[in-house]
Amino acid sequence: MAVTSTDDAGVDVPGVLHTQVRVGVSVAAVIRRGDGRVVCIRRRDNGAWQIPGGVLERGETFHQALRREVREETGMSVEPERLTGIYLNLPLGVVALVFLCREGHTEDLAEAEPLTETEEATAVEWLTVEEVVRRSTPAFAVRVTDALAGRQEPVLRHHDGVRLLGVESGALDGVGEGASAEAGPGVRSWSTAANPRGWSEDPPRST
């Protein structure tokens with residue numbers, strides 16, 4: 001017997017069980033320039049430092065959403081180069097696809113400057129990887145380090161909005177000296193070596 005599911009428009013989709021979809025999809029960009037710095041924003045809604053990105057809108061492709069979000073949050077035009085990581089926020093049920101990107105209209109990225117402030121960001125800056133790690137929560141800093149690690153396949157990770165909860169990719173065996181088993185058997189989280197700030201305070205959570 002065939003099984004179907006009704007999508008948001010009321011159309012039956014063959015081969016899928018009737019169930020309400022509870023997982024959202026977002027995209028984010030690691031925009032790197034020649035000196036190794038990447039663009040980060042300080043979000044206006046919660047003050048968190050993150051790479052630019054956001055949730056897909058109806059009818060958008062992944063790349064269309066990525067270009068739109070980066071333009072809205074930084075004023076920059078980008079072109080995706082490759083998918084570097086897939087990150088699941090377990091409490092929120094949001095999957096984030098992170099892409100390594102290049103600036104769309106400037107060959108020498110060192111000459112490209114984002115806006116200093118936008119409607120969605122109180123600050124937009126080129127940061128070193130070390131600055132990203134200091135300013136961001138582990139769940140978001142790792143997206144930058146993953147993107148710049150040069151792996152051939154995307155990394156799979158899940159988190160609680162702040163901390164990494166585990167590793168779901170064999171390619172990550174032995175990843176970095178900051179990995180630990182604090183969260184239990186088979187689960188890794190960033191230690192203070194990889195997260196010098198420690199996040200003893202309650203950091204802002206996001207997708």
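Which residues does T84 touch, not counting residues up to four places away in sequence? I will come back to that after some background.

This is a predicted model, in which local features need pLDDT of at least 70, side-chain atom pairs count only at pLDDT 80 or more, and totals for chains, interfaces and linings use all residues. Residues are numbered from 1 along each chain as its sequence is written, and side-chain values use heavy atoms, with hydrogens and water left out.

First, the overall picture. The protein chain has three helices and 13 strands; these are DSSP runs, helices being H or I with at least four residues and strands E with at least two, numbered from the N terminus. Of its 207 residues, 44% are buried. Buried means under 20% relative accessible area, exposed means over 50%, and partly exposed is in between, using a 1.4 Å probe and protein chains only. Among contacts with a separation of 6 or more, 57% are between residues 24 or more positions apart; contact means heavy atoms within 4.5 Å.

Back to T84. This residue is in strand β7 and is buried, with a relative accessible area of 2%. T84 touches V98, F99, L100, A147, P154 and V155, again leaving out residues up to four places away in sequence.

The loop between β7 and β8 holds L90. L90 is partly exposed, at 46% relative accessible area. Setting aside neighbours within four places in sequence, the contacts of L90 are H158, H159 and L165.

Next, the sheet around β4. Three strands form an open sheet in the order β5-β4-β9, with antiparallel pairing. β5 (49–50) and β9 (121–127) are the edge strands, each with a single partner, so one side of each has no neighbour in the sheet. Strands count as paired if DSSP finds at least two bridges between them. Strand β4, residues 38–43, is joined to β9 by six bridges; V39 has W126 as its bridge partner, and I41 has V124. On the β5 side there are two bridges, and R42 is partnered with W49. β4 and β5 make a hairpin with five residues between them, and G47 in the turn has a positive phi of about 75°. Five of the six residues of β4 are buried, so this strand is largely enclosed by the rest of the structure.

Aromatic pairs are another matter: a search of the whole structure finds zero. There, rings of Phe, Tyr and Trp (its six-membered ring) pair if their centres lie within 6.5 Å, with planes under 30 degrees apart stacked, over 60 edge-to-face and the rest tilted.

Now the helices. Helix α1 covers residues 62–74, and its 13 residues should span 18 Å at 1.5 Å a residue, which agrees with end C-alpha atoms 18 Å apart. The expected span is 1.5 Å times one less than the number of residues. Buried residues in α1 are A65, L66, R68, E69, V70, E73 and T74, and the buried residues of this helix pack against β3 (24–31), β4, β6 (53–55), β7 (78–89), β8 (94–103) and β9. G75 follows α1 and has a positive phi, near 80°.

Helix α3, residues 138–147, is mostly covered, with nine of its ten residues buried. Among them are F140, V144 and D146.

Last, the cores. A nonpolar core is a set of buried Ala, Val, Leu, Ile, Met, Phe, Trp, Tyr and Cys residues joined through side-chain atoms within 4.5 Å. The largest has 19 residues, and those with the most contacts inside it are V30, V38, C40, I51, V98, V132 and V144. Two or more residues each come from β3, β4, β8, β9, α2 (129–135) and α3, and α3 gives the largest share, four residues. A second, separate core of 17 residues includes I31, L66, C101 and V124.
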